[in-house]
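Please look through the sequence and the structure below before reading on. The briefing that follows takes them topic by topic.

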Amino acid sequence: MLLGSVLNPVNSTIIAVALVPIGRALGAPASQTAWLVSALYLATSLGQPVVGRLVDVFGPRRLFLLSTGLVGVAGVVGALAPGLGVLIGARVLLGFGTCAGYPAAMALVRGEAERTGRDSPGGVLTALAVANQTVAVVGPLLGGLLITVGGWRATFALNVPLAVAAVLLGLLRLLRLLRLPRVEPAKRLDAEPMEKLEAEPTGGSTPGGSLAARLDLPGMGLFAAMLVSLLLFLMNLHLRDWYLLALAAAAGTAFAARELRATTPFIDLRVLGGNAPLLATYGRALVAYVVSYSFLYGFTQWTEEGFGLTPFHAGLAQIPIFLLAIGVSIVSGRSTSVRGKLLLGAVGQIAACLVILTLGGDSPLWALLLVALIFGVPQGLNNLALQNSVYFQADPERTASSAGLLRTFAYVGSMVASSATAAAFGQRADTGGLHRLAWVMLGASALYLLLTLFDRTLGRAPGTGTRAPV
């Protein structure tokens, strides 16, 4: 599951240094190659909660195997793509294929906790956080290495061995479980999916209902319409695209009306609306990822165009973030407290933004590395704290779909970051544009800090009156 979870963040970031080589090879301008980024974000933002709901209903293992196999297919299509259109299609397949890794892993962690009676698997959650987001920082460096050795097609071909390894490991684990005696089936990690559907309600469903009703296909369709319209608007903020925002609002209204009436809603708005801690976590995730992705793409572009580094060296400059974030996650993961991590993560983001405002084209290299080191602290803390928050705050029967929604909010934040980066830089990623982007990041970091300081729900488990880790 850790290997499967790596597929999405690595594919999200490895493309950062491959856009220019792809554009040169296929004769495509930057306005068209940008769809290679947006296509995966759109597919992933939509697919994460949908696949998460399927995981909640059918169980995690088979969904994991099917979707991870799709990643391998997408890798082959991308490596052999004759043109940009096929390449964008491969990125869409990658987006949907990588959707199951994280929700399935969270569902398995929850199932194991219920089976063993240990509700704080801190070590596993820490490893999952490292695999999911912290490792994403190595994407640009890995992309630079692959392009140097095998060209930009190697960044797609990489998915084939990774998917094969993840599927084989998943099959071995599944076969081992199938050999176990059928004792206490309700406590098994992954009961047979159709048995689970027929024997007991899942996520509030009623026995005897049709499969379509239990999945809430109309709700999924309205959610997809709302999210795609919103993300298309955020990708290129302009008043002429006001109709997209209107479509998103109309679809959102219809979605809310549908979910409030549905017997087995795709997203139970009544439960979610009463879960203030989880809603606050989603809000923090959105603004946190505005900062994170603005830095990942904006700062990386500036190091190439504004500072003069090669794609490989631009990726190499991200290594301090990668190393420090993993170290911070491992050390802080020993504690299940989240409030301290959130506060320190917010302060770290603010500090990094302030240092970025001092950078220029003639700054010493050590100043860039200092920014990377500072940013490594919130990169390690925020990812872990947000993930742990969802684990403890979500309805146990909807762990996978709640984890998928966390990713959706993260990718909405990434779209905001993409629009902010484009608006700040214009035609070229110069120092003035970097400073404009840093002010946007600073504002989002300050909002993240305020959302944490004034959140009185931290430390309360929803609906129980018991204390969750703070």
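Where pLDDT is low, the predicted coordinates should not be read in detail.

**How to read the values**

- Residues are numbered from 1 along each chain as its sequence is written, and side-chain values use heavy atoms, with hydrogens and water left out.
- Because the model is predicted, local features need pLDDT of at least 70 and side-chain atom pairs count only at pLDDT 80 or more, while totals for chains, interfaces and linings use all residues.

**The chain as a whole**

- The average pLDDT of the chain is 78, and 83% of the residues score at least 70.
- The secondary structure consists of 23 helices and zero strands; helices (H or I, at least four residues) and strands (E, at least two) are DSSP runs, numbered from the N terminus.
- Of the 470 residues, 58% count as buried. Buried means under 20% relative accessible area, exposed means over 50%, and partly exposed lies in between (1.4 Å probe, protein chains only).
- Among contacts between residues at least 6 apart in sequence, 82% join residues at least 24 apart.

**Helix H1**

- Helix H1 covers residues 2–14, and its 13 residues reach 18 Å from first C-alpha to last, close to the 18 Å expected at 1.5 Å a residue. The expected span of a helix is 1.5 Å times one less than its number of residues.
- H1 is mostly covered, with 11 of its 13 residues buried. Among them are Gly 4, Asn 8, Pro 9 and Ile 14.

**Helix H9 and Pro 140**

- The 12 residues of helix H9 (residues 139–150) should span 16 Å at 1.5 Å a residue, and its end C-alpha atoms are 16 Å apart, which agrees.
- Buried residues of H9 are Gly 139, Pro 140, Leu 141, Gly 143, Gly 144, Leu 146 and Ile 147.
- Pro 140 lies in H9 and counts as buried because its relative accessibility is 0%.
- Beyond its neighbours within four places in sequence, Pro 140 is in contact with Thr 13, Val 17, Leu 296 and Gly 315.
- Pro 140 and Leu 316 are 176 residues apart in sequence, yet their C-alpha atoms are 7.9 Å apart in space.
- After H9 comes Gly 151, which has a positive phi, near 80°.

**Helix H23 and Thr 452**

- Helix H23 takes in residues 431–453. Its 23 residues should span 33 Å at 1.5 Å a residue, and its end C-alpha atoms are 32 Å apart, which agrees.
- Buried residues of H23 include Thr 431, Leu 437, Met 441, Tyr 448 and Thr 452.
- The cover over the buried residues of H23 includes H17, helix H20 (339–356), helix H21 (365–393) and H22.
- Thr 452 has a relative accessibility of 0%, so it counts as buried.
- Leaving aside neighbours within four places in sequence, Thr 452 is in contact with Arg 284, Arg 339, Leu 342, Leu 343 and Leu 458.

**Two more residues**

- Arg 53 is found in helix H4 (residues 35–58) and is buried, with a relative accessible area of 0%.
- Val 124 belongs to helix H8 (residues 122–132) and is partly exposed, with a relative accessible area of 44%.
- Val 124 and Gly 333 are 209 residues apart along the chain, and 9.2 Å separates their C-alpha atoms.

**Cavities**

- The structure holds six cavities of 30 Å³ or more. On a 1 Å grid over the protein atoms alone, a cavity is a set of points where a 1.4 Å probe fits but cannot get out; lining residues have an atom within 4 Å of a point.
- The largest cavity has a volume of about 150 Å³, a volume being the space filled by probe spheres set on the points, which are joined across faces, edges and corners.
- Its lining has 14 residues, of which Asp 268, Leu 272, Leu 278, Arg 398 and Ser 402 lie nearest the centre.
- Helix H16 (269–273), helix H17 (276–305) and helix H22 (399–425) each give two or more residues to this lining. The largest share, three residues, comes from H22.

Technical notes
pLDDT = per-residue confidence, 0-100. 1 Å grid on protein atoms, 1.4 Å probe; cavity = no way out; pocket = protein on both sides within 12 Å on 5 of 7 lines; lining within 4 Å. Contact = heavy atoms within 4.5 Å.
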